[in-house]
Amino acid sequence: MTKIELKHVSKTIHKNEVLHDISFMMESGKIYGFQGVNGSGKTMLMRIIIGLIHPTNGSVEINGKVLGRELEFPESIGFLLENPAFLDRYSGYSNLKLLAEIQNNISDAEIKEVLSLVGLNEEASKKKYRKYSLGMKQRLGIAAAIMENPDIIILDEPTNALDMAGVELVKGILQKQKERGALCILSCHDLPVLESLSDEIIKLEKGKIIEHISLSKAGGGTEF
Ligand SMILES: Nc1ncnc2c1ncn2[C@@H]1O[C@H](COP(=O)(O)OP(=O)(O)OP(=O)(O)O)[C@@H](O)[C@H]1O
């Protein structure tokens, strides 16, 4: 069971407050949808939850441990943020293999399995990354985020550059990850997609939460 608790998180960059007093809790087996227009703070909030950026005020606790103080990074996390850092000269498969070697807890067969899961067939997975289309890059980014079955999965705009089949694929993958018990965080400008997937929607505007709704599938929404 994983629990993430944000307590009064604020972030100021160059005197500009990009996040203001954000507090909420998230737990395993649910999908949390971050909604908001460009620049509302979704990516910044994700970076803070991953531990890549520290809040100016407030804290993020993962299972009771304060990120950046008691814990450098969440122990088991996979994420896709804008522009994943893959190596151009390497194939999709080799890029995943290099990443997998850091933790060394998945097999080559599992890497191939995840590539096929995201719709990159054997031919595509052998192609050099620099030859990938935008959609293929996105699929590889999703594969990297989920391949080790992490406790926490954060996907920033995972459906960007994907065709309709790709969007359906992402939906299926996220549902499966949720059923496995992962805590999933997602941002997506396609509102129907976000709403169909999310158990809770956190709506941001100018760095503030303006709405936090539970879309618990068993009837009606609840406002927090
Ligand atoms: N490195 C940075 N330096 C200064 N300001 C930044 C930096 N990164 C983000 N910001 C500011 O933080 C605010 C929130 O940006 P963020 O990228 O989190 O928005 P977003 O909701 O993810 O937008 P989008 O939908 O375009 O991805 C914006 O006003 C942005 O200009």
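**Reading helix α6 and its surroundings**

Visitor: Which elements do the buried residues of α6 pack against?

Guide: Those buried residues meet β3 (31-35), α3 (108-117), α5 (134-146), β7 (152-156), β8 (183-187) and α7 (191-197). Do keep in mind that this is a predicted model.

Visitor: Which residues of α6 are buried?

Guide: To call a residue buried, look for 20 or more other C-beta atoms within 10 Å of its own. In α6, the buried residues are Gly-166, Val-170, Ile-173, Leu-174 and Gln-177. They lie on the same side of α6, because they cover an arc of only 95° around the axis.

Visitor: What does the face turned away from that buried side carry?

Guide: There you find the exposed residues Met-164, Ala-165, Gly-172, Lys-176 and Glu-179.

Visitor: How many residues does α6 have, and what comes after the helix?

Guide: Helix α6 (residues 164-180) has 17 residues, reaching 25 Å from first C-alpha to last, close to the expected 24 Å. Gly-181 follows, with a positive phi near 110°.

Visitor: Now the strands: how do β1 and β2 run?

Guide: For strands, look at the direction and the bridges. Strand β1 (residues 3-13) and strand β2 (residues 16-27) run antiparallel, joined by eight bridges. For instance, Val-9 stands opposite Ile-22 in β2. Their hairpin has two residues between the strands, and His-14 takes a positive phi near 45°.

Conventions
Residues numbered from 1 in each chain as written. Predicted model: local features only at pLDDT ≥ 70, side-chain atom pairs only at ≥ 80, totals over all residues. Helix = DSSP H or I, 4+ residues; strand = E, 2+ residues; numbered from the N terminus. Expected span 1.5 Å × (residues − 1). Buried ≥ 20, exposed ≤ 12 C-beta atoms within 10 Å, placed from the backbone. Arc of directions from axis to C-beta. Contact = placed C-beta atoms within 7 Å. Pairing = 2+ DSSP bridges.
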